[in-house]
Amino acid sequence: MEKVKRPIRITDTTLRDAHQSLWATRMHIEDILPIAEKIDEVGYNSIEVWGGATFDVALRYLNEDPWERLYKIKDKIRKTPLQMLLRGQNIVGYKNYPDDLLEAFIGKAVKGGINIFRVFDALNDVRNIEKAIKFIKKEGAHAQGTVCYTRSPVHTIDMYIECAKRQIDMGIDSLNTKDMAGILTPYVAYELVSALKSEIKIPLQIHCHSSSGMAVGTYLKAIEGGVDIIDCAAAPLALHTSQPPVETFIAILRNTEYATGLKMEAVHLISEYFEKVAAKRSPRRKWQTLIDVSVIEHQIPGGMASNLIVQLEQQNALDKFENVLLEIPRVREELGWPPLVTPTSQIVGTQAVMNIITGKRYKVVPNEVKNYVRGYYGRSPAPIKDEIKKMIIGDEEPIKCRPADLLKPVMDKCRKELKESGLMKKEEDVITYALFPEASMEFFRKRDKAKARSQKPEARSQKEDKYRELSSIFKIVTSSSVSEFEWEREGRKIKIRQNPDNKNIVNNTALKPEAVNIKDEKENKKTEGDYSEILSPMVGIFSIKLSAESTPFVEKGVTVEKNQTMGIIEAMKIKNEIKADKKCRMIDIFVNDKDPVEYGQPLFLVESL
């Protein structure tokens, strides 16, 4: 008897999750547009192009407007449905946002061309995706629910089935099993998919990373179990911590009841193009191995792995990578077994890094970790250990409600603030500002300056030449024994003086005269003040205030109370508060707002009170 054909459909992740996993999300729009129409011709079920970290990274690091990025892609891809990853109430950020912002974001995304929203919550707390599903359905788009797969004593097949059923009651159109760390084994996949298929009647999709080397086998057993759609990437952006290759599954399923119907020739042409792109975008790190079997233990997803490596490099602590990997499962257990997917992967990962770098567990606890323990991200899969809770939030009681129920509407306020700044150009800017206030304002300012420069190219060139010339002279003088240098040009006279004692200053760190004088006085016993420097616990970006419009946390001369916030250092997309460990007076502040800081770099000079 001839078997009924059940062709497997494929979602292409090349333009989103693949480069997020392998290239720390550094694929530029200029890399996408030349090949977009060819990808559109392949016949994929959908093409994932947006969401996840792409919004944030486009804004911060690629100097691209994420909305314009979407519109340009949609202009090229007109046949195949466009898909995005939506982090539930976190949208494309790393915390819960108010419902009015979520609704506005989804509405604009649909108008911009998104057809399918894959919605997930890192904790599988369906309260955090309920409103997103409602707004997606209201816009007439496809809402795909998600169960985030992980392994722990509390994550069972029955739990996943219950999670799926609750999402079906909310109105999802399809369900995805998200194996972000690549730890779903083939036979467990067969058991899980078969169980889901017997309980629910909507299409099932599976998303695996290749970190452990099991993903191809996992997909095959999932297909046997009844899965309908699989996620794959073009070969140059496949495997490692990304998804299995499209080409592999076209070949494996050819001449079977599951044949995809996709043409290998078309996919080959696309892969040849991305081989060239990979030559300039891929980090090509020698320690990024093809298969990492230890992922089964530490369960780090692809995107987290690549970003963790980058951040440890910045901390000058890459040698501690193995120690961090061992610390992650320990922290995860203590925090109630959260699945490692954004934002909980950043929360667990950052705390593990802090525990290792500082040498004392939970000595430095980022705000996001505190808020997780308070319940502001949702309900943890298992109760958090009391001793850990006490260490992190003291005697505070965690909340019991849906976190977003505590948030006030934000769109009107953000629109007013942005209009007053004079930087608003379109309604999408309000959404971007509401999601990432500081990063968006910096981007908007750059956008305006770029426009102004483009209108006066000659003047810009002359001005830049002057700055380059002055900078070169300054470097020569400061690196020499010259104590004074005078320079005159075009009627302007510039004099550079340097203190002959200011030699051998490392890392371009400015001399701190107040600190030196105080030290000398202490040595000469001319003062009895108890002075100390507060050092940076990590590499990151220092902020002296919450936003450009806010007042500074501290200023010179003020009294600082114990546990008062003095500044924030942002690293690994997590904001870490620097707090006073005792009552003190602020004598000096050594760094400026938005300065990059190194591990161990002095931030403040204080006098104990």
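Ring pairs join Trp-50, Phe-55, Trp-67, Tyr-94, Phe-105 and Phe-436 into a cluster, where rings of Phe, Tyr and Trp (its six-membered ring) pair if their centres lie within 6.5 Å. The model is a predicted one, in which local features need pLDDT of at least 70 and side-chain atom pairs count only at pLDDT 80 or more, while totals for chains, interfaces and linings use all residues. Residues are numbered from 1 along each chain as its sequence is written, and side-chain values use heavy atoms, with hydrogens and water left out.

A pair of aromatic rings is described by the distance of the centres and the angle of the planes. The whole structure contains 13 aromatic pairs. In the pair of Phe-55 and Phe-436, the centres are 6.2 Å apart and the planes stand at 35°, so the pair is tilted (planes under 30 degrees apart count as stacked, over 60 as edge-to-face and the rest as tilted). This pair links distant parts of the chain, as Phe-55 belongs to helix α3 (residues 54-60) and Phe-436 to the loop between α19 and α20 (437-455), 381 residues apart. Helices (H or I, at least four residues) and strands (E, at least two) are DSSP runs, numbered from the N terminus. Phe-55 and Phe-436 are buried, a term for under 20% relative accessible area, with exposed meaning over 50% and partly exposed in between (1.4 Å probe, protein chains only).

The rings of Tyr-149 and Tyr-160 have centres 5.6 Å apart and planes at 35°, so this pair is tilted. Tyr-149 is in the loop between β5 (142-148) and α7 (157-170), and Tyr-160 is in helix α7, so the pair ties together parts that are 11 residues apart in sequence. Both Tyr-149 and Tyr-160 are buried.

The loop between β5 and α7 also holds Arg-151. Arg-151 is partly exposed, at a relative accessible area of 37%. Apart from neighbours within four places in sequence, Arg-151 is in contact (heavy atoms within 4.5 Å) with Ile-183, Ile-296, Gln-299 and Arg-332.

Helix α5 (residues 99-112) and helix α19 (residues 427-435) have axes that come within 10 Å and cross at roughly 135°. That angle makes α5 oblique to α19; angles under 35 degrees count as roughly parallel, over 145 as roughly antiparallel, 65 to 115 as roughly perpendicular and the rest as oblique. Axes are lines fitted to C-alpha atoms, for helices over the stretch in contact, and angles run from 0 to 180 degrees between N-to-C directions. The crossing of α5 and α19 is left-handed, that is, the near helix is turned anticlockwise from the far one by less than a right angle. On the α5 side the contact is made by Leu-101, Ala-104, Phe-105 and Lys-108, and on the α19 side by Glu-427, Glu-428, Ile-431, Ala-434 and Leu-435. Of helix α19, 8 of the 9 residues are buried, so this helix is largely enclosed by the rest of the structure. The buried residues of α19 include Asp-429, Val-430, Thr-432 and Tyr-433.Helix α9 (residues 215-225) contains Lys-221, which is buried at a relative accessible area of 18%. Leaving out neighbours within four places in sequence, Lys-221 is in contact with Pro-186, Tyr-187 and Tyr-190. The C-alpha atoms of Lys-221 and Ala-189, 32 residues apart along the chain, are separated by 6.4 Å. Other buried residues of α9 include Ala-215, Thr-218, Tyr-219 and Ala-222. The buried residues of α9 pack against α8 (186-199), β7 (204-208), β8 (229-232) and α10 (246-253). Gly-226, which follows α9, has a positive phi near 120°.

Most residues other than glycine have a negative phi. Asn-124 has a positive phi of about 60° and is placed in the loop between β4 (114-119) and α6 (130-138). Asn-124 is buried, with a relative accessible area of 14%. Asn-563 also has a positive phi, near 70°, and lies in the loop between β13 (559-560) and β14 (565-571).

Over the protein chain, the secondary structure comes to 22 helices and 18 strands. Of its 609 residues, 53% count as buried. Among contacts in the protein chain with a separation of 6 or more, 72% are between residues 24 or more positions apart.
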